[in-house]
Amino acid sequence: MRTLLVIGIGAGNADHMTVQAITGLNRADVLFIPDKGAKKNDLADLRRGICDRFVTNPKSRRVEFDVPVRAEPAPSYRSTVDDWHEAIAAIYEGLIRGEIAEDGCGAFLIWGDPTLYDSALRILERVRLRGNVAFELEVIPGITAIQALAASHKMALNRIGDSILVTTGRRLTEEGLAENAGSTVVMLDGKCAFNTLADQDVTIHWGAYLGTPDEILISGRLGDVGARIEQTREEARRQKGWIMDTYLLRKPGE
């Protein structure tokens with residue numbers, strides 16, 4: 001039976017690669033590298049660089065594939081994502097059937113960790129449920145943007161006896177800060193949702209391109225640095241054509 005490895009490759013720094021991840025790369029006969037278009041070619045280049053650096057298996061080959069662009073949410077966010085995942089599942093199925101031998105091994109290289117705000121595992125479950133191709137799945141964890149953010153800001157994610165909430169920019173806009181979480185990590189925020197918060201005394205620790213030579217870090221009282229983060233983020237996105245950023249919000253207190 002085919003074996004499929006879903007490998008977390010870290011938040012953008014090749015040094016984030018674990019020994020387990022490197023071993024996985026070298027087990028695979030074929031490495032699948034997604035291409036999200038010219039504006040995000042850096043992301044494919046980083047994956048290629050990881051393969052160049054760590055893959056020593058002479059039988060290994062790379063297969064690049066185009067990732068369809070997700071439509072704007074209509075009529076609903078969930079239905080839009082569902083349609084997008086269905087389109088990607090069809091691509092995954094074709095890659096598995098066409099590129100991996102019956103007893104072969106393939107690998108998807110996943111940004112950060114496959115289990116945190118990444119859809120590869122859900123999409124592969126769609127492929128399995130279609131019943132057209134069988135495979136065994138193995139998941140190899142990776143360094144997340146959350147870990148990289150905390151390390152770059154030289155801070156602990158949690159305060160003593162306090163809880164942490166991990167959420168998205170969309171939900172932060174809709175729900176605000178949770179009352180029972182002293183620290184909130186926000187991911188997948190393309191619209192600077194922190195600007196919607198009424199409490200400007202919250203501390204924000206923000207980071208983009210974490211762990212890479214292009215890393216940008218800003219922290220401080222939200223009311224003092226919020227506008228600077230938004231401006232910095234827009235300038236960086238315009239220069240590179242893409243941006244990946246994450247931030248932690250912390251209510252005043254110990």
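Predicted model: local features only at pLDDT ≥ 70, side-chain atom pairs only at ≥ 80, totals over all residues.

Colleague: Which residues of helix 4 are buried?
Modeller: In helix 4 (residues 120–130), they are Ala120, Ile123, Leu124 and Val127. They cover an arc of only 100° around the axis, which puts them on the same side of helix 4. That arc is taken from the directions from the helix axis to the C-beta atoms. Buried means under 20% relative accessible area, exposed over 50%, and partly exposed in between (1.4 Å probe, protein chains only). Arg122 and Leu129 are exposed, on the face turned away from the buried side of helix 4.

Colleague: Why is Thr246 called buried?
Modeller: Its relative accessible area is 5%, and the cut-off is under 20%, so Thr246 counts as buried. Thr246 lies in strand 10 (residues 245–250). Leaving aside neighbours within four places in sequence, its contacts (heavy atoms within 4.5 Å) include Ala145, Val185, Trp206 and Leu210.

Colleague: What makes Asp42 and Lys240 a salt bridge?
Modeller: The closest N and O atoms of Asp42 and Lys240 are 3.1 Å apart. A salt bridge needs a side-chain nitrogen of Lys or Arg within 4 Å of a carboxyl oxygen of Asp or Glu, so this pair qualifies. The pair links distant parts of the chain, with Asp42 in helix 2 (residues 41–54) and Lys240 in helix 7 (residues 222–240), 198 residues apart. Asp42 is partly exposed at 29% relative accessibility, and Lys240 is partly exposed at 24%.

Colleague: How do you know that Asp201 and Arg221 meet in a salt bridge?
Modeller: Their N to O distance is 2.7 Å, and the rule asks for within 4 Å, so the pair counts. Asp201 lies in the loop between strand 7 (183–187) and strand 8 (203–208) and Arg221 in strand 9 (residues 216–221), so the pair ties together parts that are 20 residues apart in sequence.

Colleague: How far apart in helix 7 are Glu234 and Arg237?
Modeller: They are 3 residues apart, about one turn of the helix. Glu234 and Arg237 form a salt bridge, with the closest N and O atoms 2.6 Å apart. By this rule the count comes to 23 salt bridges.

Colleague: What span does helix 7 have, and what is expected?
Modeller: Helix 7 has 19 residues and reaches 25 Å from its first C-alpha to its last, close to the 27 Å expected. The expected span is 1.5 Å times one less than the number of residues.

Colleague: Why are the buried residues of helix 7 said to be on the same side?
Modeller: The buried residues are Leu222, Val225, Gly226, Ile229, Thr232, Arg233 and Ala236. They cover an arc of only 145° around the axis, which puts them on the same side of helix 7. The buried residues of helix 7 pack against strand 8, strand 9 and strand 10. On the face turned away from that buried side are the exposed residues Ala227, Gln231, Arg238 and Gln239.

Terms used: Residues numbered from 1 in each chain as written. Heavy atoms only, no water. Helix = DSSP H or I, 4+ residues; strand = E, 2+ residues; numbered from the N terminus.
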